[in-house]
Amino acid sequence: MERIDTTVATRTGATTAASGGDEDEVDLIPVRTYWMLVRQRFLQHRLAVMALFLMAFLVAIAIIVPTLTGDAYTKTSLSKAMQPPSLSMPLGTNQIGQDMFLRLMKALQTSLFIGFMSVVIIGLIGVTLGALAGYYGGWVDNVIMRFVDVILSLPVFFMILIIVAVLGKGSALVVVIAIGLTGWTLACRLVRAEFLKLREADFVQAARALGASNRRIIARHILPAALAPVVVAATLGIADSVVAEASLSFLGFGISPPEASLGNLLKNFEEDIQVRAHLLVPPSVTIVLVVLAASFLGDGLRDALDPRQRVESK
Amino acid sequence: MATYVLRRLIQAIPILIGISVISFLIINLAPGDPTDRFRSGRVSAETIANLIRLYGLDKPLPEQFVSWFTAFWQFPFRSDAWGFSFVDGRPVVEKIFEKIPTTLELMLTSLVLTMIVSIPLGVLAAVKQYSWADKIITTMATVGYALPSFVLGILLLYIFSIKLNLFPSFGRHTLGQESSFPDYLRHLFLPVCSLAIQQIAGWSRYMRSSMLEVLQQDYVRTARAKGLPGSRVLYKHALKNALLPVITLLGLSLPSLLAGAAITESIFTWPGLGLLAVQSVTTNDFPVVLAIVMIGGMMVLLGNLVADVLYGFVDPRIKY
């Protein structure tokens, strides 16, 4: 779904932002570098700025709280089982007396970590294959793109299930690998498209004329210019990866107790929903917040990194 | 048209082979082998060696793949084409084909509901861009999109089943009761909603931007300029073209529908392919898992083919 949305939004964004008359203004505006413009455009995007703060906040508490409290989130205490929310334990305890606030914080840490790591893998595979396919073209391109076709035709979630089943259930590393191996096609196609466009550009020709090697041209000249769409896709990809991990853990194939993940906090829903539904609210809300933050951040970055978008002068 | 369909079917073959190779390789990475469950004191080493020879497990991997792959496509004629379940020993073909209709009921009903709801919503949001209606629809779509299917499922379960007690929480019909159509519909309602809401969120956003783009076209302005009534321009000129990309969406939604079905079916214990997949992964029932991945891949390929053919059918600009 995200894939479709991205293309449409980019296209409409491009048409509405097609601006004429920029040339006339050049003399009047003080020189602004690309990154200054990017920052300005990003700051104009109110939701994106809010999303950035929200994401920073989530990451901060996910790092700080579990670091300070150590492994208290696994501690069970039957005398404190099923307590309602209180001052010392803001979210109460579950049926084996674990502090749900500490579990939520640890879960946030685990889920964000897996989300970010999956995106790193997706980026590595996608950028490498996309760069090779776009730069060399020919049979290299053909092989890689047919491979992409195959992956795109796979029922991705079932594929993740199969990988997790084979490599071992309940391991964070396996979850990261499963999400990474199945999720890189969008990044690959974006990078390939940029490389196809840029490989004939003048600055690449110039580098080639100066005797730069293929590897140097790919890594030093084209890649930095081709990264913008990948950054956007990666940010949006965090949302998808966090949801994928949570879904896996929810079904019992990802992170399993005593470890905590946003998905496995909801795993016991059949029982919880009858008698202590309040336990299900915080993890659900947290997942939605993570997804919203990542997608608004991605939207904001997409507009900010697009050089065709106008910056309103102050 | 026929040659185009044929060509697309032929193009699908290498992709199918690719899917098969990948799934087969992953399954073969699994620790142990199918004879492991016979390894106990009572079965002699000789019998196991015989079994390994019988199953062809001593042959090189490519050879195993070819024999598995050729057997796989005989499924309409042989019930043992996909092997036997590790769990209950039943033929995998049988296990899977009895679940496919149940899953299709869920997926197709959700798709129909998605279209009925999201197309009008998307059009309304586009036509009244920046109005309150647009803002509400866009916000709802964003929130709906950010709700993972299991959160949504639990939420619906809590509101409609536990609190309001309007709909049953599991299964396809009430246990110990004569199955009737109204009862079946009551059971279908929550899973379908939980699957459809996420699709609706994505589709209405997509429909909105598609409609907005069409409304900016010159021919729409021309139609308005020559004095056609607004509704006529909207429905006759704009909507028809804005609907075209929705057909592509139909094909592209299949993977997410399948993923959603796996989770939704687990929450509502809807006995379909998704639930079977989850159960089979839990019990390491690899033959069943492998077959479900293959079936899922075929569904996705077929969905895209149908979408492309439909597209050519409604858009005269497309030539085969």
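Guide: A residue is called buried if 20 or more other C-beta atoms lie within 10 Å of its own, exposed if 12 or fewer, and partly exposed in between, with C-beta atoms placed from the backbone. By that rule, buried residues make up 35% of the 320 residues in chain B and 44% of the 314 residues in chain A. This is a predicted model, in which local features need pLDDT of at least 70, side-chain atom pairs count only at pLDDT 80 or more, and totals for chains, interfaces and linings use all residues. Residues are numbered from 1 along each chain as its sequence is written, while chains are lettered from A and ligands numbered from 1 in the order in which they are written.

Visitor: What is the average pLDDT of chain A?

Guide: The term pLDDT denotes the predictor's confidence in each residue, from 0 to 100. Chain A averages 82, and 88% of the residues score at least 70. Over residues 1-21 of chain A, however, the pLDDT is below 50, although this stretch has 27 contacts in the model beyond near neighbours in sequence. Where pLDDT is low, the predicted coordinates should not be read in detail.

Visitor: How many helices and strands are there in chain B?

Guide: Helices (H or I, at least four residues) and strands (E, at least two) are DSSP runs, numbered from the N terminus. Chain B has 13 helices and zero strands, and the secondary structure of chain A comes to 14 helices and zero strands.

Visitor: Why is H9(A) described as largely enclosed by the rest of the structure?

Guide: Because 10 of the 14 residues of H9(A) are buried, the helix is largely enclosed. Among them are Leu186(A), Cys188(A), Arg189(A), Glu194(A) and Phe195(A).

Visitor: Against what do the buried residues of H6(A) pack?

Guide: The buried residues of H6(A) are Ile144(A), Val148(A), Val150(A) and Ser153(A). They pack against H5 and H9 of chain A together with H1 and H13 of chain B.

Visitor: How many residues of chain B are in contact with chain A?

Guide: Two residues are in contact if their C-beta atoms, placed from the backbone, lie within 7 Å. On that basis, 47 residues of chain B are in contact with 40 residues of chain A. On the side of chain B that touches chain A, H11(B) gives the most, with nine residues. The residues of that side divide into 34 nonpolar, 11 polar and two charged. Here Ala, Val, Leu, Ile, Met, Phe, Trp, Tyr, Cys and Pro count as nonpolar, Asp, Glu, Lys and Arg as charged, and the others, Gly among them, as polar.

Visitor: What makes a nonpolar core, and which residues have the most contacts inside the largest one?

Guide: A nonpolar core is a set of buried Ala, Val, Leu, Ile, Met, Phe, Trp, Tyr and Cys residues joined through C-beta atoms within 7 Å. The largest has 158 residues, and those with the most contacts inside it are Ile160(A) and Ile292(B). Helix H5 (residues 100-136) of chain A gives the most to this core, with 15 residues. Leaving aside its neighbours within four places in sequence, Ile292(B) is in contact with Phe158(A), Ile96(B), Leu273(B), Leu276(B) and Ala277(B).
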